[in-house]
Structure formats: structure tokens, C-alpha cells
Amino acid sequence: MDGEEQSDSSLRAIAIVVLCCGAVKMLHLMGVISVEDKVDDDLEMTMVCHRPEGLGQLEALTNFNKRELQVLYRGFKNECPSGVVNEDTFKQIYSQFFPHGDASPYAHYLFNAFDTEHSGSIKFEDFVMALSILLRGSVREKLQWTFNLYDINHDGYINKEEMTDIVRAIYDMMGKYTYPALKNDSHKQHVEAFFRKMDKNRDGVVTLDEFILSCQEDENIMRSLQLFENVI
């Protein structure tokens, strides 16, 4: 595989994360449509140097084999020569997938979900661990990762304020391709629909168990979780 193919593989993997995090659940729950992916090959990144853990160790920690990790790493290094990406650069990458909207708010939440150590940067290890969950993890692992993305303040609950922020970020990201067309009260309507579906005990917050149970009860969500398992 040449350098161009490796770069394409890395970018395709990033696109998969975009789709898994946004489209798999929220686009189904809220009726937001997808857009055509597009990335400039010459996007340049400036980051701090970092040497990742050995591929053997990552193989033990993820659901990828060594060959798959090598392809992902070479592509990642093509786009991130010094081995890490900061939030501003992550937003630049992310915005290429959604040229008709403002992806920065949602990219901020997604970046924080990848940056599990809250270091202000994403290393190859962070990227591949999340990708492993989203592509090859169990249903519970995938849903727990997504719950953590929506639980913005990390208190173990999704409240209406957090969900409103997420919904607004998704609409901003999709721009003119939102469907149905955005109305003044669309955010509130979608948040209320989310809580009617997810808040089983009607206490005003959604717990991890409620979120997982509600998703498991939805056949479309369960099917969507399987879409990208064999893409690498």
C-alpha cells in the first residue's frame, strides 16, 4: 500500500468516527440527514512531537491486528507527522467533512471524548482506542462511549441543557442539509423527544443504563451500530 492509500485509510477512519458519533444515533433520533464527505489531501497540521506505544501493546489493547494498526498508524503519521493533534487542528480536519455548516461546536465535544486524559491533544493511541470501540467494540461499549460524549460535564447523567447543546451543535454542523428544515423551536422539540424516549423514570436526567436500554430497544439504532465494522 503506497503513501496516498495509507493517507486515505487514515482519513476514512476519521470519517467513520464522525459518522458513528453523529449519524449512528443522533441522526436517526432527530431526523438529520448526512452529507457527502470531502477532505483536502494537503491539509497541514502543526503539533507537538510524540512517539506512540508499540504496535504490539496496542494490538493487545484494541480489536485491531498488527497489520491494521500499521495501516492506521502510517496514515495517521502522514497527516500528523509529529504524532499528536490539538483541538484547533482537529476542528480543521472535522470541518472538511461538513463544508456547509459550522462543525466547531460538535468537534469540540468529540475532541474531548477522544482526549480521555484531558491533555489538550489527541495521540495515535487515543485515536485508535476510540476507533476500536466504535468499529469493533461490543454494543454496550459503543453506547457507553457515545453516552460519555453526550455527558458533557461527566457527572454520569445527560441533562436537558447538555442535550440542547449537542442538538444545536449537530444542527450547526449539518448547516443547510438539516431535515426537516430548522425552526425556532426545533432544538426544544428534539430534546423533549430524546427525553421521552430515554428518560425511563421521568426524573429529568438520562443515566447510562437508561440510555443503553433505550438504544437497545430501537432496531434502527442497533442496525446502524453494525454498519462500519468491516471497513478497515
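**Entry 1: H7 against H10**

I looked up which residues join helix H7 to helix H10. On the H7 side I found Val139, Arg140, Leu143, Gln144, Thr146, Phe147 and Tyr150. They meet Leu208, Asp209, Phe211, Ile212, Cys215 and Gln216 of H10. I sorted this contact by class and got 8 nonpolar, 3 polar and 2 charged residues. This is a predicted model, so I treat every value here as computed from a prediction.

Next I took the geometry. H7 spans residues 139-150, and its axis runs 10 Å from that of H10. The packing angle is about 125 degrees. Angles of 65 to 115 degrees count as roughly perpendicular and those over 145 as roughly antiparallel. H7 and H10 are therefore oblique to each other. I noted the crossing of H7 and H10 as right-handed.

**Entry 2: H10 against H9**

I stayed on H10, residues 208-216, and turned to its packing with H9. The angle is about 90 degrees and the axes are 9 Å apart. That makes H9 roughly perpendicular to H10. From H9, I listed Phe194, Lys197 and Met198. Their partners in H10 are Glu210, Phe211, Ser214 and Cys215. The split by class is 4 nonpolar, 1 polar and 2 charged.

**Entry 3: H9 against H8**

I then followed H9 (residues 186-198) to H8 (residues 160-174). They pack at about 125 degrees, with axes 9 Å apart. H8 and H9 are therefore oblique to each other. Their crossing is right-handed. H8 contributes Lys160, Met163, Thr164, Val167, Arg168 and Tyr171. H9 contributes Ser186, His187, His190, Val191, Glu192, Phe194 and Phe195. I counted the classes as 6 nonpolar, 4 polar and 3 charged. Phe194 of H9 is also on my list for H10.

**Entry 4: aromatic pairs**

I searched the whole structure and found 12 aromatic pairs. One of them is Phe90 with Tyr94, which is stacked. Their ring centres are 6.0 Å apart, with 25 degrees between the planes. Both residues sit in helix H4 (residues 87-95). They are 4 residues apart, about one turn of the helix.

**Entry 5: confidence**

Strand E4 (residues 205-207) has the highest confidence, at 98. Helix H1 (residues 3-30) has the lowest, at a mean of 40. Over residues 3-48, pLDDT stays under 50. For that stretch the model has 126 contacts beyond four places in sequence.

How values were computed
Residues numbered from 1 in each chain as written. Predicted model: local features only at pLDDT ≥ 70, side-chain atom pairs only at ≥ 80, totals over all residues. Heavy atoms only, no water. Axes fitted to C-alpha atoms, helices over the stretch in contact; angles between N-to-C directions. Helix = DSSP H or I, 4+ residues; strand = E, 2+ residues; numbered from the N terminus. Parallel < 35°, antiparallel > 145°, perpendicular 65-115°, else oblique. Left-handed = near helix turned anticlockwise from the far one by under 90°. Contact = heavy atoms within 4.5 Å. Nonpolar A, V, L, I, M, F, W, Y, C, P; charged D, E, K, R; others polar. pLDDT = per-residue confidence, 0-100. Phe/Tyr/Trp six-rings, centres within 6.5 Å; stacked < 30°, edge-to-face > 60°.
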